[in-house]
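Visitor: I would like to learn how to read a fold. Please take me through one.

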Amino acid sequence: MAVASTSLASQLSGPKSLSQSYSGLRPSCPKLDQSLSQTHSSLFQHLSLSSSSRKASRAVVAMAGTGKFFVGGNWKCNGTKDSISKLVSDLNSAKLEPDVDVVVAPPFLYLDQVKSSLTDRIEISGQNSWVGKGGAFTGEISVEQLKDIGCKWVILGHSERRHVIGEDDQFIGKKAAYALNEGLGVIACIGEKLEEREAGKTFDVCYEQLKAFADAVPSWENIVVAYEPVWAIGTGKVASPQQAQEVHVAVREWLKKNVSAEVASKTRIIYGGSVNGGNSAELAKEEDIDGFLVGGASLKGPEFATIVNAVTSKKVAA
């Protein structure tokens, strides 16, 4: 598969590394695997990434995921003790479809509050974790600490970590490997910026980010891939169901060709980017959309429940 000629990491302008061991924190342009660029498949060249809502091309054979529907709520840097108490109360009283894995990621400060008061029906995730064992890393949180407080998952590679904080693909891959080796599930985020989409580089960017995970992780068993086009995160702009579906198809095909057919089938590929109660049902009907990673709408208990229950649209579509 093709990769962008310029590393996504080279576009970042985040903080410099703390040491040679953690070079992923500095903007860099690592050499890309030559074999990846040489095996670019023409299968995807005619898949339109325009903003039109035409039916997505099916030239790539879809392998719809076999995993359970998955919905994550990323609360980001939001909430107070009181507002989170109200949100937890709303979630506890919500009626959620049984055949959905539901996860929420509160701010670190409130993990214990949420864990001790939220129904066991919903699992807890960290929003980030350090690349190795804890220690003298001011402001960071370790995988061991997340596990100690009861987290089952961690979100890694979110665009705000990539493009605001300055984490590059390889550093994120190392973080994912460490989390998985220590027993945490990983919600692995990928996605292109607006200028990359307009330049026709959506697949290239996603493949490059996927490759960094694939090069590092010991197994794909506890990974959920979250496709989140950066231009749709918190902007109110949403990829059309067809736009999201065609990228999900391409991601699954990449996994099939570069990891294994089994991993491609079992790995859940979820969509994120201004998902809400009004658009989740239509998105869920697409066969390769296996769930959602939800931002702002996850701060509203009833609306988040609506998104979780969008799995019923998946059943109808099937």
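Guide: Start with a strand pair. Strands β7 (residues 268-272) and β8 (residues 291-294) run parallel, joined by two bridges. Strands pair if DSSP finds at least two bridges between them. Gly 272 has Leu 293 in β8 as its bridge partner.

Visitor: What should I know about the model and its numbering?

Guide: This is a predicted model; local features need pLDDT of at least 70, side-chain atom pairs count only at pLDDT 80 or more, and totals for chains, interfaces and linings use all residues. Residues are numbered from 1 along each chain as its sequence is written, and side-chain values use heavy atoms, leaving out hydrogens and water.

Visitor: In what order do the eight strands close into a barrel?

Guide: The order is β1-β2-β3-β4-β5-β6-β7-β8, with parallel pairing. On average, neighbouring strands are turned by 25 degrees against each other, direction ignored. Strands (E, at least two residues) and helices (H or I, at least four) are DSSP runs, numbered from the N terminus.

Visitor: Where is Lys 314 found?

Guide: Helix α13 (residues 311-317) holds Lys 314.

Visitor: Which side chain of opposite charge is nearest to Lys 314?

Guide: First, the term. A salt bridge puts a side-chain nitrogen of Lys or Arg within 4 Å of a carboxyl oxygen of Asp or Glu. Buried means under 20% relative accessible area (1.4 Å probe, protein chains only). Lys 314 is buried but has no salt bridge; Asp 290 is the nearest such side chain, 4.8 Å away. A polar atom of the Lys 314 side chain lies 2.5 Å from the backbone oxygen of Glu 286.

Conventions. Buried < 20%, exposed > 50% of the residue type's maximum accessible area, 1.4 Å probe, protein only. Lys, Arg positive; Asp, Glu negative; His and termini not counted. Polar contact = N/O pair within 3.5 Å; in protein donor to acceptor, adjacent residues only side chain to side chain. Axes fitted to C-alpha atoms, helices over the stretch in contact; angles between N-to-C directions.
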